[in-house]
Every structure is written in structure tokens, then in C-alpha cells.
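Subject: Structure handover

Hello,

Here is the structure for you to look over. My notes follow below it.

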Amino acid sequence: MLPVYHNTLDFARQSDESDPLQDFRNRFLFPQHDDREVVYFTGNSLGLQSKSVRTALEQELSDWAALGVEGHFHATTPWWQYHKALQEPLARVIGAKPEEVVAMNSLTVNLHLMLVTFYQPTPERYKILCEAGSFPSDDYALETHVRMRGLKPEDVIVEIAPRQGETTLRSEDILEAIRNAGQSLALVMFAGVQYYTGQVFDMKSITYAAHHVGAFACFDLAHAVGNIPMKLHEWRVDAAVWCSYKYLNSSPGGVAGMFVHERHATNKDLPRLAGWWGNEESERFQMKKGFRPALGAQSWQLSNPPAILMAAHKAALEIFDEAGIERLRKKSEELTGFLEFVIRDVAGSRITIITPTNPAERGAQLSLFIEKNGRAVFEYLLANGAIVDWREPNVIRAAPAPLYNSFEDVWRFGELLKEALAM
Ligand SMILES: Cc1ncc(COP(=O)(O)O)c(C=O)c1O
């Protein structure tokens with residue numbers, strides 16, 4: 001049954017009072033505007049700082065000061081194995097086994113590492129299917145790998161776009177495009193959640209369809225991780241990558257992650273870019289020639305982990321884990337549903353929400369298409385304490401993060417939007 005919403009402060013406050021996750025808000029630091037917390041709706045871009053992060057960073061600095069290089073083995077969280085401390089909580093966020101997960105590098109670097117392994121074209125099977133309008137870094141990465149294999153992007157990359165007059169992709173069209181590419185398809189590379197429209201893709205069906213024609217299915221989960229529950233292991237996704245600075249709140253440019261399904265992560269013959277940190281752990285310090293990959297996703301690591309960034313990631317994940325992705329998703333559906341209701345109430349037909357209406361096909365984010373004066377509306381919101389973001393040509397993205405946003409935030413956003421539209 002759909003919840004019944006009312007665009008009133010009373011309704012918002014009552015909803016907050018009955019929210020089992022309401023106390024998590026107090027564990028985050030909010031930017032201030034006119035001596036009060038801003039309405040922060042950009043957790044889809046950069047999550048807020050949790051109060052525990054400073055303590056975690058100070059711990060690393062103290063350990064470094066007191067131990068120097070010995071911190072690799074004797075720090076509170078020994079640095080040389082930092083990635084292991086993150087495997088279990090990350091596995092719970094994405095529905096994986098701990099050995100299938102590794103925290104490392106940044107997202108675009110991991111995209112490249114994933115493509116080195118999972119784009120292996122042959123003369124017969126060389127095409128890549130992806131969404132039109134995917135994030136530029138993803139496009140650039142795909143083009144790089146195609147060219148490096150001596151192929152031309154226009155011969156290889158098949159982009160699938162929404163139908164004429166529609167803004168999001170239909171699942172049946174994606175699956176049909178996979179079937180049509182058939183035996184020529186080497187890789188399906190999709191987002192989990194589309195960064196511009198906020199659409200959730202059916203990763204399970206996409207993976208199944210890709211495997212049915214003999215292709216790999218890989219995902220960029222930048223906007224999906226910490227936003228929607230996933231079951232990457234069970235869905236048999238081949239590999240996926242993400243960043244941790246959005247819904248996982250793990251610091252600007254913080255450590256990203258990679259998932260490699262068990263059946264590949266245990267295959268030592270798969271090609272990959274090698275570095276000493278991916279080598280068999282027991283031999284890592286023997287300085288021998290010849291790379292021998294460790295077991296699991298950790299063997300895609302290149303370098304020793306950046307302890308300071310890992311500490312921020314770990315502290316943020318502890319809070320995330322306590323809340324739990326399933327409880328967060330439940331609140332997220334209600335919060336985003338309320339945001340949709342409030343926007344329709346104050347804006348009527350002046351704003352088109354291009355994000356799907358069906359809660360199962362969207363996460364926290366709503367993308368608002370504003371026909372006229374969109375930029376001015378955005379500037380007004382920003383100047384008056386509502387932080388949202390702007391994506392050319394005329395879309396405002398607003399994403400209430402269930403971990404720290406409240407129903408009252410949504411109500412306040414509606415009031416500011418009303419003022420902005422009345423300008
Ligand atoms: C979908 C997607 N892919 C790739 C990137 C690039 O991330 P990074 O700069 O961390 O490599 C982003 C950044 O926001 C993104 O949203």
C-alpha cells in the first residue's frame with residue numbers, strides 16, 4: 001500500500017518521530033546556513049562527514065607518529081591488511097562474499113582494471129553494449145580499451161537510448177539489444193543506477209541476458225552502492241566497481257571498490273594488471289620475480305592501501321553497517337516518495353520528474369527537469385540553504401539520504417522550492 005503523505009510540517013515531524021533511524025542524523029556534521037543546518041540533498045554526489053571520522057583519522061596520525069613504518073604491522077588497524085578490515089562490511093552493502101570485494105584506488109582506475117580483465121575481444125566477439133548518456137569517465141574508459149585493442153569505438157560500442165519522447169530506458173529494450181547483439185557481444189557494461197535520471201537498472205536480468213549470449217556483465221555502481229540493496233554474488237554479476245564518497249560517506253575522492261565474482265576471483269589465469277599488493281600474500285615480501293595472484297578480488301590490488309583514506313572509509317562504513325542497507329532502503333523509499341509528493345504539490349506541471357515513479361526503479365535521487373529558469377531556481381535554492389546539484393542542460397538532482405536526512409528536510413525543501421518558483 002502506498003503511504004499517505006501530507007505536505008505539512010506536522011506530518012514531517014511525526015514521520016521523523018516514528019523513524020527508527022532518526023538518531024543517525026546526529027552522527028553527521030551538516031554545513032550551516034543562517035545558523036541552522038542546510039537541507040543537504042547531495043549525498044548522491046558527496047556524502048556528509050560523520051563525527052567519528054575525525055577520531056579515526058587522529059588515530060592513524062598518532063599511530064604513524066608513534067610507530068613509523070612499524071605501523072604497517074602494529075597500528076590499531078595494521079595498515080598492510082587494511083583492505084581486509086573493509087571486506088565484510090562492504091560485502092554486506094553489495095550482497096557479496098567478503099573474498100569477492102576489495103577496497104582500493106579510485107573509481108575510474110578500477111573501471112580500467114575491470115576492463116583489462118573483462119573486455120577480451122576476439123574477431124567474432126568484440127562488441128560492448130552500454131547506455132547512451134553514461135557518465136563521461138565510463139565512456140572514456142571504454143573508448144580507451146577499444147582503441148588499445150586496435151579496434152574503433154564506432155565498430156564496437158553499441159549504445160542503447162530511451163525511446164523517442166521518453167527519458168529512461170525500458171528493461172525490455174535493454175534485454176532485446178543484448179539478444180540482438182548475440183554472439184558478437186563481449187561485454188555489457190552498465191550503471192547500476194543512472195547518474196543523471198536516477199533510474200535503477202535491472203542488474204539481475206541484464207546479467208542473465210548477457211550470460212545467455214556468452215558475454216560478461218559488468219557494472220559501475222557509483223550511484224547504486226549504499227543506495228539500493230543488491231545481490232551481486234547471487235545474480236552472478238561478473239565484476240563491478242564503485243566509489244565510496246557518495247552514499248557511503250567515506251570522504252572526498254576516498255577509496256573506491258571492486259567486486260569480482262568468486263568464479264573469476266579464484267581463476268588465477270585471468271589477465272589483469274599486476275602489482276605487488278595483488279600477489280600471493282605469503283610471498284609478497286620475498287621480492288621474487290613472477291606475479292602469483294592471491295586468491296580473491298584482492299589480487300586486483302596494485303599498491304599498498306592508503307591508511308588515512310581507509311580509516312575514513314572504515315569509520316563511515318561502521319555507521320552504515322549499524323543502520324543496515326535493508327532498513328535504509330525502506331526509509332529511502334518513504335523519504336523519496338515524500339519528496340516526490342511535496343514537489344508535485346508545490347510545483348505542479350512546472351517541474352517534470354524524469355526519474356521513474358515506480359519506487360522499485362529508483363533510489364534516493366529525483367531528477368527535476370525545469371522547462372524555464374531552471375538555473376535561477378537552482379541558484380535560489382543554493383543561496384537559501386538547500387544544497388542540490390545542477391546537471392546541464394536543465395536538471396536539478398535532489399537526493400535525500402536516508403542515513404541522515406529527515407522528513408522535515410523534505411518539507412523545508414518544498415517551502416524553498418515554492419519561493420524559488422515564485423520569483
Ligand atoms: C557513474 C560515475 N562513474 C564514474 C565517476 C568518476 O569517479 P572518480 O572521479 O572517483 O573516478 C563518477 C563520479 O561521480 C560517476 O558518478
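Phe-24 sits in the loop between helix 1 (9–17) and strand 1 (28–29). Helices (H or I, at least four residues) and strands (E, at least two) are DSSP runs, numbered from the N terminus. This is a predicted model: local features need pLDDT of at least 70, side-chain atom pairs count only at pLDDT 80 or more, and totals for chains, interfaces and linings use all residues. Residue numbers start from 1 along each chain as its sequence is written.

Back to Phe-24. With 22 other C-beta atoms within 10 Å, Phe-24 is buried (20 or more other C-beta atoms within 10 Å of its own; exposed is 12 or fewer, partly exposed in between; C-beta atoms are placed from the backbone). Leaving aside neighbours within four places in sequence, Phe-24 is in contact with Ile-319, Ala-323, Leu-403 and Tyr-404. Contact means C-beta atoms, placed from the backbone, within 7 Å. Leu-403 is 379 residues away along the chain, yet its C-alpha atom is 6.2 Å from that of Phe-24.

Next, the helix pair. The axes of helix 2 (residues 51–67) and helix 12 (residues 307–323) come within 9 Å and cross at roughly 145 degrees. Axes are lines fitted to C-alpha atoms, for helices over the stretch in contact; angles run from 0 to 180 degrees between N-to-C directions. Helix 12 brings Ile-319 to this contact, among others, and helix 2 brings residues including Val-53 and Leu-57. The contact residues divide into 10 nonpolar, 2 polar and 2 charged. Nonpolar covers Ala, Val, Leu, Ile, Met, Phe, Trp, Tyr, Cys and Pro; charged covers Asp, Glu, Lys and Arg; the others, Gly among them, are polar.

An open sheet of 7 strands runs in the order 6-12-11-10-9-7-8, with mixed pairing. Two strands pair if DSSP finds at least two bridges between them. Strand 6 (101–103) and strand 8 (157–160) are at the edges, each with a single partner strand, so one side of each has no neighbour in the sheet. The twist averages 15 degrees from one strand to the next.

Last, the ligand. Its shell has 6 nonpolar, 4 polar and 2 charged residues. Among the surrounding residues are Ser-106, Asp-138, Asp-220, His-223 and Cys-243. A residue is near a molecule if its C-beta atom, placed from the backbone, lies within 6 Å of it. Helix 5 (107–118) and helix 6 (136–148) are the elements giving two or more residues to the shell.

Best wishes

Technical notes:
Contact = placed C-beta atoms within 7 Å.
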